Amino acid sequence: MLRFLCPLLLLLIFPAATMAQGLDLTAGGVGLGLGDVPRVTGIRLNYRDRHLERVNGLNVTLWYPYHPAGGTVNGVAVGLPLTGARRVHGLTLGLAGASADERLTGVMVGGIGLGSGEDITGLGLAAAVIGSGRDITGLMVGGFGVGSGRNLSGVMAASFGVGAGGNLTGLFAGGFGVGAGGDVQGIVLGGLGVGTGGNLTGIALGGLGVGTGGNLTGIALGGLGVGTGGTLRGLGVGGLGVGASRVEGALVAGVAAGAGAMTGLALAPGYFNLGRDGLFRGLAVSAFNHIRGEQRGLTIGLFNYARRLYGLQIGLLNYAGNNPKGLRLLPLVNLHFD
């Protein structure tokens, strides 16, 4: 027993003396390694790793490795309070946190955070932040945030926000918001908002709003508004307003809705606007239906305006710019057909 306790006490009291070369107590590489022993199959205890090559089993450290981190841990990596390596596969536990220069794979728990220079794959839980320079795949819960430089795939949740420089695929929830520089596919919930620079496909709910730089396909609900720079295919609902360059589906707004061109249903108590060169096909119900392009369908409101009408208007006043003089502005009903 003393044969093993004495080196262990030496490691704890004088870590600097032992970490440079370590005490290799293995037989054929299998057993116990104390200090910076490069290769161990079994149990390895060290203050801070510099020469790590491979551990198959349990690796326990007190501090994060020297940069750049080296070696691979297959099994269990424990940090009291920090641990890390170039690659960790298995179970990673850091009282304060854990990191990898390349990838973390498996089940990971960080008291403060988890980080990887490249990828994180598996199940991760951190009190503050989970982040990677490239991709994160799996189930991740960050007390503050979850983010990646490239893509997120799986189920991710954080009290503050979830974001990626690339694409999101799966289910994502952020207390303040969820954002992506690329495309989003799946279900996205943002306490304040949801935004993407590319396309959004699926269901998006933003406490204040939902916005996309590309197309939106599916259902989008925004407490204040929903807007897309491309085509909205599906349903857009905004507490105040909803707008898109093109709509193929339905717009429902608390006050106003607008589109450059539209096929479908528009419901807005105050105002519905269609772009000057746009074509409207379908039904629009609003106090003021302002069709500055061409209407082929039905509008119902207090005042209906169509620069070119090929359909029906029902309201107190109805204006059709392509009707003969004397028939352009009529009460109750106005119509013009090919």
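Select E118 and R134: their side chains meet in a salt bridge with an N to O distance of 3.3 Å, a salt bridge being a side-chain nitrogen of Lys or Arg within 4 Å of a carboxyl oxygen of Asp or Glu. The pair links distant parts of the chain, 16 residues apart: E118 is in the loop between β8 (113-116) and β9 (119-126), and R134 is in the loop between β10 (129-132) and β11 (136-142). Strands here are DSSP runs of E with at least two residues, helices are runs of H or I with at least four, and both are numbered from the N terminus. E118 is partly exposed at 27% relative accessible area, and R134 is partly exposed at 29%. Buried means under 20% relative accessible area, exposed over 50%, and partly exposed in between, with a 1.4 Å probe and protein chains only.

This is a predicted model, in which local features need pLDDT of at least 70 and side-chain atom pairs count only at pLDDT 80 or more, while totals for chains, interfaces and linings use all residues. Residues are numbered from 1 along each chain as its sequence is written, and side-chain values use heavy atoms, with hydrogens and water left out.

Next, select E294 and R296. Their side chains form a salt bridge at 2.5 Å, N to O; E294 is buried, with a relative accessible area of 16%, whereas R296 is partly exposed at 26%. E102 is partly exposed at 22% relative accessible area, and R103 is partly exposed at 33%. The count of salt bridges comes to twelve.

Centre the view on G182 in the loop between β16 (177-180) and β17 (184-190). This glycine is buried, with a relative accessible area of 13%. Leaving aside residues up to four places away in sequence, G182 touches G165, G166, N167, T196, G197, G198 and N199, where contact means heavy atoms within 4.5 Å. The C-alpha atoms of G182 and G165 are separated by 6.7 Å, and the two residues are 17 apart along the chain.

Turn now to the backbone. The peptide bond from H67 to P68 is cis, with omega near -5°, and P68 is in the loop between β4 (54-61) and β5 (72-79). Another cis peptide bond joins L80 and P81, with omega about 20°; P81 lies in the loop between β5 and β6 (82-94). At L332, phi is positive, about 65°, although the residue is not a glycine. L332 belongs to strand β27 (residues 329-336) and is exposed, with a relative accessible area of 57%.

Finally, zoom out to the whole chain. The secondary structure comprises two helices and 27 strands. The radius of gyration, taken over C-alpha atoms, is 30 Å, well over the 20 Å that the globule rule gives for 338 residues, so the protein is more spread out than a compact globule; the rule is 2.2 Å times the number of residues to the power 0.38. Along its principal axes the C-alpha trace spans about 110 × 25 × 25 Å. Of the 338 residues, 42% count as buried. Among contacts between residues at least 6 apart in sequence, 4% join residues at least 24 apart.
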